[in-house]
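Please read the briefing that follows alongside the sequence and the coordinates.

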Amino acid sequence: IFVSREKSIMVGMDVDPPAAESSSHPSSSNLHQDEDIAKSLCVPIRSITSSSSSSSSNEFVEIFPEEVASITTDQLISLLKDEKAPLSLWTEAALLYMQNKSERESITLLSYACSDLIDKLKFGSSSERVRVHAATGIGYLTQANKSGALLTAGSLGGGAGAVGGGDGGGGFDHHMAQQRAASDKNEELRLLAEKHFTSATKIDQIFPMIWVGRGMLNLTIERLEQAKFFFETTLNTCGQVLPALLGMASVYYKMENYVQSLEMYKKAITLFPNKSGAPARVGLGLASYKLGQVDRAKAAFQRAHDIDCDNVEAMVGIAVLDTAHLDEKLSKDYRTKSENAIRLISMANMIDHSNAMVQNHLANYYFKKWTPVSAVTVNVEKNNDVIKGSG
């Protein structure tokens with residue numbers, strides 16, 4: 001779930017320093033507006049030589065959200081570079097990739113902007129440069145937590161493969177090697193995130209997006225008080241902005257303060273019904289479930305699924321709560337609800353086969369359906385030890 005929250009935080013990453021009068025006139029700041037997040041990307045064409053500068057300035061390339069999946073990062077980088085697009089368009093393009101669930105492409109775009117435009121050419125204004133560095137750091141954090149989820153799921157898949165394949169110790173050793181590799185990769189991504197936050201701080205120490213990023217970084221490594229400090233600082237400085245609200249909701253959830261977590265999710269959804277998206281509804285559902293509000297949790301998961309039919313956490317939440325109190329002998333609709341639950345979990349597995357929660361529920365289902373086969377002997381060997389079992 002935390003990966004999904006980070007995506008939602010990055011979708012709301014337009015955290016600008018508020019205007020001087022914003023504290024007394026909140027409406028003057030665009031931080032409190034909830035606009036449709038699915039906006040197209042318009043890149044003005046500057047490379048065409050024309051006798052009329054006015055006609056040339058009106059030409060642009062427009063990329064719609066549904067088209068971004070078919071555009072490679074090399075193509076988009078070439079377009080932005082050739083047309084000398086401002087850094088603000090690079091962040092908009094990266095955001096378009098992020099909204100399309102193409103996190104790797106988003107980071108590739110931002111990393112290029114940092115290394116080739118900012119570091120080498122000193123391109124863009126200071127506010128644009130700090131925004132790109134902060135967004136890149138948040139992107140790396142998203143990948144780090146996704147790597148952590150893959151590590152957990154890999155342990156489930158690796159264990160099953162070791163027994164099923166009959167290689168015993170070889171499967172265990174392979175699993176441990178995967179764990180170490182994933183852990184190293186996770187740490188590397190966090191260090192890259194910290195590097196970009198540091199670069200952003202050197203440009204502008206009080207840019208709110210850096211506070212959000214550092215809050216997320218501390219949250220991933222369980223430094224909850226530090227994370228809370230950065231998110232609260234953002235809220236006190238900028239007002240009720242989506243990234244800080246979602247961050248505080250996550251902090252309270254990890255602190256097991258589910259009442260405050262629920263309040264933060266409710267506030268984020270009320271103020272930003274579009275931008276908060278499915279992940280905020282999933283968070284609200286989890287907090288509601290922890291407080292024993294099962295019906296509200298079900299409704300929240302269903303709403304998240306309605307908003308994003310590919311949201312894995314929402315699918316699992318619906319499946320688990322629908323079957324939580326079913327009795328195979330007493331429930332009339334046991335078969336129907338069970339089949340619907342396994343269908344949802346199977347679909348979730350197709351969407352994200354690295355999700356540990358999905359793998360766990362699938363394993364539980366198939367274990368329950370498992371029937372011992374008689375007269376079958378299985379040998380598991382490791383070094384000189386042999387374990388025999390029979391059905």
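A search of the whole structure finds four salt bridges, a salt bridge being a side-chain nitrogen of Lys or Arg within 4 Å of a carboxyl oxygen of Asp or Glu. The structure is a predicted model, in which local features need pLDDT of at least 70 and side-chain atom pairs count only at pLDDT 80 or more, whereas totals for chains, interfaces and linings use all residues. Residues are numbered from 1 along each chain as its sequence is written, and side-chain values use heavy atoms, with hydrogens and water left out.

**Salt bridges between separate parts of the sequence**

- One of the salt bridges joins D308 to K101, with the closest N and O atoms 2.8 Å apart.
- Because D308 sits in the loop between α13 (294-307) and α14 (312-323), and K101 in the loop between α4 and α5 (103-119), this pair ties together parts that are 207 residues apart in sequence; helices (H or I, at least four residues) and strands (E, at least two) are DSSP runs, numbered from the N terminus.
- D308 is buried at a relative accessible area of 18%, while K101 is partly exposed at 39%; buried means under 20% relative accessible area, exposed over 50% and partly exposed in between, with a 1.4 Å probe and protein chains only.
- Another salt bridge brings together the side chains of K254 and E222, at 2.9 Å from N to O.
- K254 belongs to helix α10 (residues 242-254) and E222 to the loop between α8 (208-220) and α9 (224-238), so the pair ties together parts that are 32 residues apart in sequence.
- K254 counts as partly exposed at 29% relative accessibility, and E222 is likewise partly exposed, with a relative accessible area of 48%.

**A salt bridge within a helix**

- E263 and K266 also form a salt bridge, in which the closest N and O atoms are 3.2 Å apart.
- These two residues, E263 and K266, are three residues apart in helix α11, and are therefore separated by about one helical turn.
- E263 counts as partly exposed at 38% relative accessibility, and K266 is partly exposed with a relative accessible area of 30%.

**Confidence of the model**

- The protein averages a pLDDT of 80, and 72% of the residues score at least 70, where pLDDT is the predictor's confidence in each residue, from 0 to 100.
- Where pLDDT is low, the predicted coordinates should not be read in detail.

**Overall make-up**

- The protein has 16 helices and four strands, and buried residues make up 44% of its 391 residues.
- Of the contacts in the protein with a separation of 6 or more, 61% are accounted for by residues 24 or more positions apart.
- The protein exposes about 20,200 Å², of which carbon and sulfur atoms supply 52%.

**T91 in helix α4**

- T91 lies in helix α4 (residues 87-99) and is buried, with a relative accessible area of 6%.
- The side chain of T91 reaches the backbone oxygen of S88 at 2.7 Å.

Note on methods. Contact means heavy atoms within 4.5 Å. Accessible areas come from the Shrake-Rupley method with a 1.4 Å probe; for residues, only the protein chains shown count as cover. A polar contact is a pair of N or O atoms within 3.5 Å; within protein, one must be able to donate a hydrogen and the other to accept it, and residues adjacent in sequence count only if both atoms are side-chain atoms.
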